[in-house]
Each structure stands twice: as structure tokens, then as C-alpha cells.
Amino acid sequence: MTDFTIASFNVKNLIAAEEEYYRFQTYTTEEHAWKEDWLADQLVRMNPDIIGFQEIFELPALQAVVDEADRIGGASNEDVVPGSDKKYRKKAIFRKLAYRGYSEAKIAFAPNANDGEPGERRPGLAILSRYGFEGTPEVIQDLSPKLAVQFEGGEAGHFKLDRLSRPLMKARIPVGNQIITVFNCHLKSKLGEFHRPEGADYAPEADLTAYDPVGRALGALRAATRRMAEAWVLRRLIVEELQAGHPVMVLGDFNDSENAVSSEIIAGERPFKNYSWMLRHDASHPNNRYSKEENEQIQEAVDKVRLESCEKLFVKKSLRDMVYTSAFGGVFESIDQILVSRHFREGKAQIAEMEYFSVFNDHLTDGSHPEAPYNKLASDHGQIMGHFKLWDS
């Protein structure tokens, strides 16, 4: 059997010191050193085999974090892992304590096609894998053909999307005797998307001294519509992989809880317990229901392309009822997720099982904590990690 871990880590705006990423926002040299050290410490604590990062502006800044993690982890090994001359060196506790470095690991980086000049930067994604990659990871952001959603009902209108707000990354990763397709995503945030008139310095809704509740609600509608459209683009890619017979894991910052519509689009429909009671789509009389055989067919068709939340699998297994990765406005919720295909849960297609689910959220204090005010120097997200056992057969 092969034990492996997979994690998701929104680092919150990782860029080099003295570089303006958003308007008037930079890290001083001291702040950047603190942030790099915090991120490296967190990476050592997690020590995952595969990890998807979000909010990466530049690859060298991430590589510096990984190198610092290796330095810290190597020093820790010298302190806590006994040498070969110790009789007790093979005890399981030391396997748990030992840090495995990333010197042989591979990093794939997806820059953001919307990235701009200083003050107008836009972050991308990255995946770090101890197992390397099968082929070259793909980056998806510009859509060809464009996504066009037509609403039914006469002149009900339509919605078009030709570019995602942030890239999606698809990587095939060899683990044990399997090739697993891993998607890393960062969907559009809940922050309102406001239209700036031509020649204006800012959108009218951005002026809070002239508060426009209706206009700001429209901005929230734009953001939610974009997020759900991006979720559908990801869903289409997932289904392509599943229909090709590939095990799939999806991780990242969904900017929505697992029960939100956007998350349900990504995961797929949850099947009814029984379709035999349902009126057929082509019913000609009240008793035209799906047969038991058709029920089984429908159940299989829905389940084979459905993903399940690792958090939900863990909650079912442990009866734990408090998992969160975000704290904002007094609301604690999970907006970072790891979803897995049925290859990683019970059923005839199972090739692995999740043994544990870790959440690293002690640094979240709803906006501020003593060591990192407003989480600028740490992250405003908790990190999540699934522990899996892959059956070699």
C-alpha cells in the first residue's frame, strides 16, 4: 500500500518584498521575511506529498518558501529523528516526526492571464508534488469557444464568459501504481464586481460615502454569476477525466461552502435514494414511473461522475462537527475544499481510502491576531489536508 497526503493552501498574496501587488499594498523586507518564515513553518507542520497553492504572484517567492521549509525541517530532523545507531529508530513515532524534504519535488506554476502592472497584479496557482508529474500540467483560463449560457423563455437573455478570473490547473500525478488527475482552483471571490464607466477613476459603487445598496447588490450578482460559471468550466473538465476512467481529486479555494450552488456544480448532483417513484420524463399517464432497472441505471450514471467532500467523509467517520477554513464578519465556514471521485470512497470503483483529514486553522481569529494583524503576514485561510491509503494492485 502507498500512504500519501494531499493539501490545499491559500497563502494570501505571496510576492517578493517591496513589490506593489494591489494598490498601495506591499510587504516591507521585514514583513516579507516574517511571512516567508510563517508559511515555511506551516508547510513543515503539514509536510504534504501533494499541495495546491493559491494566491501565488511569482514562482521564485514560492520556491523560497519551500527552500526555507526544507531548511527548518532538516534542522528538526537532526533534533528529533534518531540516527541508525539507535535501537529504537524504527518506532512509528519517528516516521511521523520526520520531515521529508522537497529537494526532488516538482513545482508547476500557473500565472494569471489578468496579471497587470504594479498595483494591478493578479495572483495565480501552483502545485508542489513529491511524485512529480505525468506529462506537463495544463493551465486553463482563456476559453475557446467562449462559454455562452442562454436563458430559456423568449427574450430572457444570455450570459457569456471568455476568460476565468483566475487560472485552473490540471495535473496528472503518479502515486503508487495509479495516475491521479489533480485540479487546483481559486474561484471568483464574493467581493462585488462593479462597472467603472469609461474615463472614471472608480466605479460609483466603490464610493461608500454615497452608498448604493442596489448597485452593490448588482456587483454581488456579477461575482456570484462569474463564480458559478467558473465552477461549470471546472465541472466539464472533471467529467472529461472521469469518463476517461481517471481517478480525480479537486482542491482549492472555492470561495463558497460545500452546500453552495457553485460547489454543488463542481461536485455534481447527489442521487436520490430511489428514482422508481419519479414520473418519467416522457410520461403519458400518472403511473408512468421509472422501472427498478432504470433506477439502477440512473443511480450509476449519477454516482460515477460525482465527487465527495473529504471534510464530509471525515465528519461522517469521526462525528466531528466543527471544521472551518475562513473567518470573516463573525462567520466561520469552510470555503477551501478537497473533493474526490468515487475511487477514494466506498464502492466498486474504490482504489484508496481516506484515513484522516487535518485542518490547520489555529491562526484564524476573525481578522486579527497578535502575531499577524489582519492576517497579512500569515494567511486568512486555514489549510486542509487529506490522508490517504492507496491500494497497490
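Guide: Start with Gly 73, which counts as buried because its relative accessibility is 0% (buried means under 20% relative accessible area, exposed over 50%, partly exposed in between, with a 1.4 Å probe and protein chains only). Gly 73 sits in helix α2, residues 59-80 (helices, H or I of at least four residues, and strands, E of at least two, are DSSP runs numbered from the N terminus). Leaving aside neighbours within four places in sequence, Gly 73 is in contact with Val 44 and Tyr 99 (contact means heavy atoms within 4.5 Å). Leu 43 is 30 residues from Gly 73 in sequence, yet their C-alpha atoms are 9.3 Å apart.

A word on the source. This is a predicted model, where local features need pLDDT of at least 70, side-chain atom pairs count only at pLDDT 80 or more, and totals for chains, interfaces and linings use all residues. Residues are numbered from 1 along each chain as its sequence is written, and side-chain values use heavy atoms, without hydrogens or water. Mean pLDDT for the chain is 87, and 87% of residues reach 70 or more (pLDDT is the predictor's confidence in each residue, from 0 to 100).

Now the surroundings in sequence. Asn 47 lies in the loop between α1 (29-46) and β2 (50-56). Its phi is near 55 degrees, positive in a residue other than glycine. Asn 47 is buried, at 16% relative accessible area. Glu 55 belongs to strand β2. Glu 55 is not a glycine, but has a positive phi of about 65 degrees. Glu 55 also counts as buried, at 12% relative accessibility.
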